Amino acid sequence: MAGAPCAILVLHGPNLNLLGLREPDVYGRVTLEDINRRLRELAAQRGAALRIAQSNHEGALIDAIHDARAWAHGILINPGGLTHTSVALRDAISAIALPCVEVHLSNVHKREPFRHHSFISPVAVGVIAGFGWRSYTLGLTALLDILAEQSHNRSDG
Ligand code: DQA
């Protein structure tokens with residue numbers, strides 16, 4: 001496991017590679033590259049290291065989560081449509097037992113009923129939805145704060 005600095009895996013699920021083009025009324029005009037740049041800036045300010053990946057394939061996301069066991073302290077994930085369908089993704093997150101924050105650009109609870117259920121939320125530390133690209137920066141801030149608090153508590157004890 002990596003020591004300091006804090007290392008975070010950022011995972012974007014299916015179709016998020018099309019951000020900026022895809023349903024801009026729902027997801028905005030910001031591209032995935034823009035979001036990644038904002039996350040890298042925030043991570044640099046906070047002294048954290050990021051690895052960022054996007055995949056349209058459930059198995060590739062699961063492999064990346066398994067791999068994170070070896071080096072990451074936490075995971076920031078937008079599972080896209082797999083949020084509402086994937087027991088396997090949920091099991092992967094649960095299996096590696098790293099703190100995970102789930103984010104969504106859109107407010108999934110304001111949308112179709114099939115988006116109201118998440119298989120991921122019960123194994124996430126928390127969920128942020130509905131703030132567009134800011135959901136990601138809010139999520140990363142929350143994750144880094146939680147990890148800092150945990151390491152502070154460990155050094156106290
Ligand atoms: C999403 C919400 C999901 O319901 C949808 O399938 C996505 C994007 C979001 O970021 O708002 O692909 O995760």
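**Ligand site and parallel sheet**

A polar side-chain atom of Asn78 lies 2.8 Å from an oxygen atom of the ligand, a polar contact in the sense of a pair of N or O atoms within 3.5 Å. Taken alone, the ligand exposes 320 Å², of which the protein buries 98%, with accessible areas computed by the Shrake-Rupley method with a 1.4 Å probe. This is a predicted model, in which local features need pLDDT of at least 70 and side-chain atom pairs count only at pLDDT 80 or more, whereas totals for chains, interfaces and linings use all residues. Residues are numbered from 1 along each chain as its sequence is written, and side-chain values use heavy atoms, with hydrogens and water left out.

An N or O atom in the side chain of His104 is also 2.8 Å from an oxygen atom of the ligand, and a polar backbone atom of Leu105 is 2.8 Å from a ligand oxygen atom. The residues around the ligand (one heavy atom within 4 Å) include Arg22, Tyr27, Gly80, His84 and Arg115. This shell divides into 3 nonpolar, 6 polar and 2 charged residues, where Tyr counts as nonpolar, Arg as charged and Gly as polar.

Turning to the fold, 5 strands form an open parallel sheet in the order β2-β1-β3-β4-β5, strands being DSSP runs of E with at least two residues that pair if DSSP finds at least two bridges between them. At the edges stand β2 (49-54) and β5 (126-129), each of which pairs on one side only. Strand β1 (residues 7-12) pairs with β2 in the parallel sense over 6 bridges, and Leu9 has Arg51 as its bridge partner in β2.

Technical notes:
Polar contact = N/O pair within 3.5 Å; in protein donor to acceptor, adjacent residues only side chain to side chain. Helix = DSSP H or I, 4+ residues; strand = E, 2+ residues; numbered from the N terminus.
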